[in-house]
Amino acid sequence: MTQEPLKVGVLGYRFMGRAHANALARLPMFFPDAPEVERHTLVGRDRDALAGAADRFGFAHTATDWEAAIDEVDVFYNLGPNHVHAEPSIAALEAGVPVLCEKPLAPTLEEAAAMRDAAAATGATAGTAFNYRFVPAIRYAKGLIEDGELGEIRQVRGRYLQDWLVDPEAPWAWRMDADMAGSGALGDLGAHTIDLANFLVGEEVGGIDRVSGQLTTFVDERPVYVDGDAAGEADAEVAEYRDVTVDDAYSAQVAYDSGATGTFEASRVAEGHKNDHAIAVHGSEGSVKFSLERLNELEVLREGNRGYETVFVTEETDPYVDRWWPPGHVIGWEHTFVHENYEFLSAVAEGKSFEPSFADGYEVQQVLAAIQRADKLGEWVEI
């Protein structure tokens, strides 16, 4: 481990900025063997909002120029919108600064390839922030699969359902623009599911051979309100309507090299589902099912049993659990970021690689791009 604290710079201070800042603050309390870090520079465009966020998140400095920030820090977190992932991340890597970048890696496959190549060329630690790999129950499931408890893997099923865009008057945001986001539910949510499937069964089923895809947009334009905070209020004034150029929902079928199959879907207009991320793996001798809405549990079906048993992954021997509370005292969504930051910063301090890497992020991007092509062509597409 390094002796001096790692100076961390973070681009972005909204949703993901809060999640990672919270993780950085929790690390020394629960992971005393983690590298010491200094929350050094917070980067954003709005000086006033940035100053307030830096004060709340415990950052000593702010910057509206990410290039200047890279010169001042030891580690760079790129938590901005998808269209600003490539340039700052590549610049940081070329300066020898390790990077943790939010998913999906980039809006386009070409940009993701450039990021992957920059990481390989510089040798700097580079990670894609797929935080659901760090759920203790997911790690437990991976152990069962690796140990052969499920036998030959035959099927993987994943879904990620949300409902924040059910209302057609929900305000327009950058996530609804193809140039900035790349895709909608597919990249925003589906990227998580595809990576989780790769993490759980990739070594058992090999790569993805081909995919089908269907992308659907239910609301073609959405309002931009005069006062963004007034969205949803009865008297809210609409300044304009902007086109929605990404999908509201997607579904896809996947054929793996081994002959196993996968079925994936995601939606941001699934009424009644707030953050419903679930994945199931079915083998010749057993199955596992996981739901983020019950993230301390894993449903396990073993050979010879007539039904699933609920395994509470809250024992001290379970991944990461010994760092938190006594057995049976559950953890939550925000803890996945603490685990992710612990693993990433430890890799940085030790000069090691981190998984999921930029290469892993690129592999997910390949699948996203293939699903988009399959939808456009109306046929299966080879990876």
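In what follows, Ala, Val, Leu, Ile, Met, Phe, Trp, Tyr, Cys and Pro count as nonpolar, Asp, Glu, Lys and Arg as charged, and the others, Gly among them, as polar. The model you see is predicted, so local features need pLDDT of at least 70 and side-chain atom pairs count only at pLDDT 80 or more, while totals for chains, interfaces and linings use all residues. Residues are numbered from 1 along each chain as its sequence is written, and side-chain values use heavy atoms, leaving out hydrogens and water.

Let us begin with the empty spaces. Rolling a probe the size of a water molecule over the atoms shows where empty space is left. On a 1 Å grid over the protein atoms alone, a pocket is an open set of points with protein on both sides within 12 Å along at least five of seven lines, a cavity is a set where a 1.4 Å probe fits but cannot get out, and lining residues have an atom within 4 Å of a point. Points are joined across faces, edges and corners, and a volume is the space filled by probe spheres set on them.

The largest pocket has a volume of about 1,300 Å³. Its lining consists of 44 residues, with Arg14, Leu79, Gly80, Pro81 and Trp174 nearest the centre. By class, they are 21 nonpolar, 15 polar and eight charged. H8 gives the largest share, four residues.

Next comes the second largest pocket, with about 470 Å³ of space. Among its 21 lining residues, Arg133, Asn198, Phe199, Asp360 and Glu363 are the closest to its centre. Two or more lining residues come from each of H6 (136–146), H8 and H10 (358–377). This lining has seven nonpolar, five polar and nine charged residues.

The largest cavity holds about 40 Å³ of space. Pro136, Asn296, Val313, Thr314, Val321, His329, Val330 and Ile331 line it, and none of these residues is charged.

Finally, look at a pair of helices. H4 (residues 86–94) and H5 (residues 109–122) pack at an angle of about 10 degrees, with their axes, lines fitted to C-alpha atoms over the stretch in contact, 9 Å apart. Angles run from 0 to 180 degrees between N-to-C directions. H4 is therefore roughly parallel to H5, a term for angles under 35 degrees. Ala86, Ser89, Ile90, Leu93 and Glu94 of H4 are in contact (heavy atoms within 4.5 Å) with H5.

Methods
Angles under 35 degrees count as roughly parallel, over 145 as roughly antiparallel, 65 to 115 as roughly perpendicular and the rest as oblique.
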